[in-house]
Amino acid sequence: MNIDLLLGLQWGDEGKGKIVDYLTQKYDIIARFQGGPNAGHTLEFNGIKHVLHTIPSGIFHPKAINVVGNGVVIDPVIFKKELEALDKYDVNYQDCLLISRKAHLILPTHRLLDAASETSKGKAKIGSTLKGIGPTYMDKTGRNGIRIGDLEFDNWKTKYRNLATKHQALINFYDVDVQYDLEELETEFFEAIEKIKSLKFIDSEEYLYNAIKNEKNILAEGAQGSLLDIDFGTYPFVTSSNTTAAGACTGLGIAPNRIQRVFGIFKAYTTRVGSGPFPTELFDDNGKHMAKIGHEFGATTGRPRRCGWLDLVALKYAVQVNGVTNLMMMKADVLSGLNTLKVCTSYNYNGNQIHHLPYNLEAEDLEPVYEEFEGWKEDITKLTSFEELPDTLKVYIKFIENYLDVNIKIVSVGPDRKETIMR
Ligand code: IMP
């Protein structure tokens with residue numbers, strides 16, 4: 001074993017944080033490869049709930065080394081708050097948290113630009129988390145960004161000032177009302193930079209290459225979900241990074257042939273935050289049940305998540321793009337109590353039945369075609385083995401496995417680390 005990947009297969013919020021935390025004892029290194037503080041990874045154990053945004057989910061395990069890869073974008077202000085939250089739990093992050101020099105910094109003006117861009121879009125807005133993700137990746141690919149490694153050189157503040165000034169001009173260009181006090185934002189930003197500078201910076205590609213040579217086991221942790229991938233997601237309602245398996249190679253500097261297993265995580269139903277197409281979205285009591293029982297509110301923004309039936313057409317697409325070898329089904333307990341369950345197995349589109357994700361998922365004449373299943377009434381949160389699961393849930397699982405042609409190895413039956421059934 002060398003490198004395994006762990007990815008979300010839907011529109012994010014599948015429960016990656018919980019599973020990374022659960023699997024961590026099997027790995028020496030947990031490495032986050034893309035995204036930024038738009039993510040909110042929730043971990044629960046010993047009755048306490050922790051939410052991480054940028055820091056990898058292996059941080060609570062004393063032996064794991066946590067790497068923030070070059071593909072990640074870091075907001076120092078949020079990062080500092082995350083570190084301060086860890087201080088309460090005596091986490092030794094000075095030794096077990098390493099940051100790639102090539103990771104890009106989110107500046108205060110990136111956040112303002114995000115807000116200006118979203119406001120200017122009106123009804124067509126993406127529903128961004130407004131954490132500055134899009135503008136930061138734009139500066140990265142536009143070759144204007146500031147990287148963590150720049151902080152080791154004296155001239156970084158000149159680079160910063162030039163970029164911030166350009167951003168201010170761009171904010172004015174949008175001609176929308178964005179109120180801000182840059183001086184105040186910068187005081188907080190520069191203070192946070194000092195905190196970040198106390199951490200260890202590495203060349204993650206070199207570090208991981210040596211780790212692989214020394215037979216260390218690495219888990220690459222994704223953020224968001226495959227349908228939010230900048231290339232393969234429901235563009236333009238996506239995030240600005242490659243959330244799919246290939247992103248782990250570019251976001252960490254690891255070679256594709258080192259990757260062994262690809263763990264794909266999905267919820268037993270579907271959710272989405274922000275705008276964009278969602279064919280199986282529910283507006284009835286079933287959707288309300290999922291939202292209420294599943295506590296479907298964004299871990300980063302607190303926004304209510306849209307809920308709907310499991311979409312196997314979309315899931316199969318994600319399994320294919322990522323080369324998923326093992327599936328993990330989350331939040332099965334949330335469906336307990338529903339009389340009938342549905343899964344989408346094809347779409348009616350333009351008068352034809354199709355089994356693939358069409359280019360335009362927003363089309364008005366696209367209708368999901370469902371298969372129905374009997375639900376289960378019992379509380380499954382205390383069950384510890386696959387055999388104990390209700391028969392109707394086993395039928396539901398078997399159908400999904402057959403459709404996707406990949407086995408489900410983990411069924412999560414509650415938010416706590418302990419409420420996880422390994423098969
Ligand atoms: P951004 O990445 O903050 O610009 O947001 C772009 C889209 O991705 C919006 O629809 C967000 O709601 C969504 N998004 C970003 N991060 C997450 C996440 O961690 N979970 C779920 N949705 C996300």
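F373 is buried, at 9% relative accessible area, where buried means under 20%, exposed over 50% and partly exposed in between (1.4 Å probe, protein chains only). The model is predicted: local features need pLDDT of at least 70 and side-chain atom pairs pLDDT 80 or more, while totals for chains, interfaces and linings use all residues. Residues are numbered from 1 along each chain as its sequence is written, and side-chain values use heavy atoms, without hydrogens and water.

A pair of aromatic rings is described by the distance of the centres and the angle of the planes. Rings of Phe, Tyr and Trp (its six-membered ring) pair if their centres lie within 6.5 Å; planes under 30 degrees apart are stacked, over 60 edge-to-face and the rest tilted. The whole structure holds 13 aromatic pairs. In one of them, W156 and Y160 have ring centres 6.2 Å apart and planes at 70°, so this pair is edge-to-face. Both residues belong to helix α6 (residues 156–174), four residues apart, about one turn of the helix. Helices (H or I, at least four residues) and strands (E, at least two) are DSSP runs, numbered from the N terminus. W156 and Y160 are both buried.

F373 and F399 also form an edge-to-face pair, with 4.9 Å from centre to centre and 65° between the planes. F373 is in strand β18 (residues 366–374) and F399 in helix α12 (residues 391–404), so their pair ties together parts 26 residues apart in sequence. F399, at 23% relative accessibility, is partly exposed.

W156 and Y160 return in a cluster, linked by ring pairs to F189 and F190. The contact between α6 and α7 includes W156 and Y160 of α6 and F189 and F190 of α7; contact means heavy atoms within 4.5 Å.

Two packed helices are described by the angle between their axes and the distance between the axes. Helix α2 (residues 76–87) packs on helix α7 (residues 182–197) at about 55°, with the axes 8 Å apart. Axes are lines fitted to C-alpha atoms, for helices over the stretch in contact, and angles run from 0 to 180 degrees between N-to-C directions. That makes α2 oblique to α7; angles under 35 degrees are roughly parallel, over 145 roughly antiparallel, 65 to 115 roughly perpendicular and the rest oblique. Among the residues in this contact are F79 and L83 of α2 and F189 and I193 of α7.
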